[in-house]
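The sequence and the structure are shown first.

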Amino acid sequence: MNAAKRRVGSWLGFGLVWVLLSGGLLSAAPAHAVEEGVTFPFYPSFLQIEDGKTTSLEDWSDPMVCGSCHPRQYEGWKSSMHANAFIDPVFQAEWAKGYQETDGEVLNLCGGCHTPIGVMTGTVKYDPDVGKYGGFTAPGVAAMGVSCDVCHSVADTNARHTTTGNPGNASLVLAPGDVKRATLKDAVSPFHATEYSELHGRAELCANCHNIFHPNNNFPIEHTYDEWKMSAYAQNDIQCQDCHMVPVETAIRVADTMTRARDLPDHGLGGMAGVGAAGPREIVHDHGFVGGNTVIAGVLGVPGAEDNRAEAIKRLQNVADLDIEIIPGMQGANLLRVKVTNARAGHHLPTSLTFIRQVWLEVEVRDDQGRLLLSSGALEDNRVPEDAVMFTNKSVDQDGNLTVDPWRIAGFVHMNTIPPKGYRYGTYSFRLPEDASSFTVDAKLNYQSYHQDLADKLLGEGALEVPVVTMRELTRRYNAADLGQADADRDSAVAHR
């Protein structure tokens, strides 16, 4: 591989990360080829059309056509983030801002995953008169994001040929046409040909768009697949589909037992895969792909938005566990530790754009007389205070300045997301008044898809109030006498050393 084209950056993992960009934001990116003999016509997206063919809008089916035979799958998809990947107004604004700042060089980088059809057909266009930073338009099925035909036309992944040798940046080979690919080995359709695809049942399918790396320095801006790959879930052969293509109740059982959805007793996932099918299947996967986004479907007013939001909230409220520990100190001073465990996500908490996701602790301590002894993390004008305990990553540009613009990110200088089955602590101190007989600790784990300042910056102030989801809450009451006894026991142990 040509070293000047590859420009492989470095990632130092869980310490201080610092990667310097060469020149402009994306200005030195190769136009088409990444390595000898491999051509990527939509670079910096790694999308390819099988056999180097071209494609037009007429080659792709409207999801409503698919829904006529697969109504269950269509109903789940139409309110999903896959369906809304292109028209998501927050994404559109950030993409447009990047388009302006890079002279258009992020067009295919972002579009490759959010409108693959628009990129491959060359029909996605930037319009400077749409939105605060401009916006993007695409005709027909190209505006329908990650549609049925996109996923079911995937013939392969070219991950081995990307600049990192790993999946990411839409490293997909698509074969539009009559053949639709999925995990059923004996599917028969009167409308299209079918083909069995092992890839469609593996996390490696999702990885191609749920890993994103900077095209110049190769820094992993988003690395959901990598998080999964290093987890106990991957070690137990639990795939993305086992949690994100089943009801949340099933996903909970998968995580708690570390058992694939299909291997759970009484999984209840059977049914008809399509209208007129010969008979029921043991498993028919949901197509809502629900994660943590509770905002966009409702903002867009798409059908099924409330069901999608309710499912996302249910997932958020079942993903983490809280615990509280009090360590008594001298003369009424006490240490409070709140433990947050990522109990049921097969990737980090949060994941994806970890530098804009908001997961934080809100903690309050009051004594029996109602006096406030500690308060941390309470929202101020729908904004998380800077001194709150947050589970996030902080990203910087090549000059070490904090940034949340993906095209500017050169590294992370702080990493505090919670790995699968792992935990992090929030640590606090408070002093208990001598006349207090008891106190109560209330701890909440909260979530916002992005911070309010970002929404105001991208959409205009007041355009969107980012909702807050309380993921978990734990309240415990403690007697002051118990703390005093623990303090005395500790002093006694010290005296007898």
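Asp-381 counts as exposed, at 64% relative accessibility; exposed means over 50% relative accessible area, buried under 20%, and partly exposed in between (1.4 Å probe, protein chains only). Asp-381 forms a salt bridge with Arg-383, with the closest N and O atoms 3.1 Å apart. A salt bridge here is a side-chain nitrogen of Lys or Arg within 4 Å of a carboxyl oxygen of Asp or Glu. Arg-383 is partly exposed, its relative accessible area being 24%.

The model is predicted: local features need pLDDT of at least 70, side-chain atom pairs count only at pLDDT 80 or more, and totals for chains, interfaces and linings use all residues. Residues are numbered from 1 along each chain as its sequence is written, and side-chain values use heavy atoms, with hydrogens and water left out.

## Other salt bridges

The structure holds 25 salt bridges. One of them pairs the side chains of Asp-237 and Arg-260 (3.7 Å, N to O). This pair links distant parts of the chain, 23 residues apart: Asp-237 is in the loop between α10 (232-235) and α11 (241-244), and Arg-260 in the loop between α12 (248-257) and α13 (296-300). Helices are DSSP runs (H or I, at least four residues), as are strands (E, at least two), numbered from the N terminus. Asp-237 is partly exposed at 29%, whereas Arg-260 is buried at 10%.

Asp-256 and Arg-344 also meet in a salt bridge (2.9 Å, N to O).

## Helix α15

In α15 (residues 452-459), the buried residues include Leu-454, Ala-455 and Leu-458. Gly-460 follows α15 and has a positive phi, near 105°.
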